[in-house]
Amino acid sequence: MERNDTRFYLSVLLAQILSIQFPTQLRTAAHCMPCGPLRRVSLVFLLSRAAAFTARADMSVKVAVIGAGGVGVTLGDAMAKNGAEVRYGVRNPDSEKTQKMLQERPPATVAEPVVDAVAWADAIVLATPGSPTEEGIKEVAASLGPGTANKVILDATNPLSAFQDGLQVRWGQPTSGGEVLQEALPDAAVYKAFNTIGVEHMAAADGSQVTGEQLTMLFCGSNDAEKKELASTIIAKVGFTPVYCGPIRYARNLEAIAELWIHEAIFNGQGRNFHYQFIKKPEAGKAD
């Protein structure tokens, strides 16, 4: 190590500052790096990743979570913990189930009719049961009301067939569930996200349920820079490292990955403690 390199020590100091908020593995990664110039290059990459993640996680955003089942409340809890304003959009805010959910959360937690939550929000997370039919998906789209125009929608659903039919996605159809939802909501920007992972990992994006490595989250949808950044921010608010993989047609791939995850977990005996991770060789100085 070149100990007279002032820039190196400033980088280490900045890494230590960022590590207050950034995941545990980034606080320890520097100790595993080689010495000399390669270590400095690695730190530049480390800092750029940390800065991008922290900036997204710190951004204030209003999110309507549609659905207050296991997936909805788990995503909502994670986003609220990381500073997002979260409201739940449900069919019946006064139902026993919804009231019990509210009682288990901070007093400021709000559950309201779906159209009201959508109208209030900057972005929407769709966490209702998925439908394998085009009619069912369009019915969900219509239930969101007129407030979706010009907003980002993160679709966490999977269009799975019934258990007795093999829990399969739309193999016999020309389009994915995500594409049908985007077609039904042409004035919104639909992103497929959060659908390739079990609910327990949504509460443990730090990877503590698997290897302890920060988990990545593949997502796809509009390439509009502002909307894509907002979608990335929502994903980071849950705690994942967002990885954009292309336009909404790639929802076909993400829904297929979801089917694969389910079949590995249920039918092939792998259990639920695994994750399909995006791994890439670090590029010095390049942020997300």
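Predicted model: local features only at pLDDT ≥ 70, side-chain atom pairs only at ≥ 80, totals over all residues.
Residues are numbered from 1 along each chain as its sequence is written, and side-chain values use heavy atoms, with hydrogens and water left out. Local features need pLDDT of at least 70 and side-chain atom pairs count only at pLDDT 80 or more, whereas totals for chains, interfaces and linings use all residues.

Two cavities of 30 Å³ or more are present, a cavity being a set of points on a 1 Å grid over the protein atoms alone where a 1.4 Å probe fits but cannot get out. The largest cavity contains about 100 Å³ of space, volume being that filled by probe spheres set on grid points joined across faces, edges and corners. This cavity is lined by 16 residues, of which L126, S131, I137, D155 and T157 are the closest to its centre; lining residues have an atom within 4 Å of a point. Two or more lining residues come from each of α7 (134-143) and α8 (177-184), and α7 gives the most, with three; helices are DSSP runs (H or I, at least four residues) numbered from the N terminus. The lining comprises six nonpolar, seven polar and three charged residues, where Ala, Val, Leu, Ile, Met, Phe, Trp, Tyr, Cys and Pro count as nonpolar, Asp, Glu, Lys and Arg as charged, and the others as polar.

Notes. 1 Å grid on protein atoms, 1.4 Å probe; cavity = no way out; pocket = protein on both sides within 12 Å on 5 of 7 lines; lining within 4 Å.
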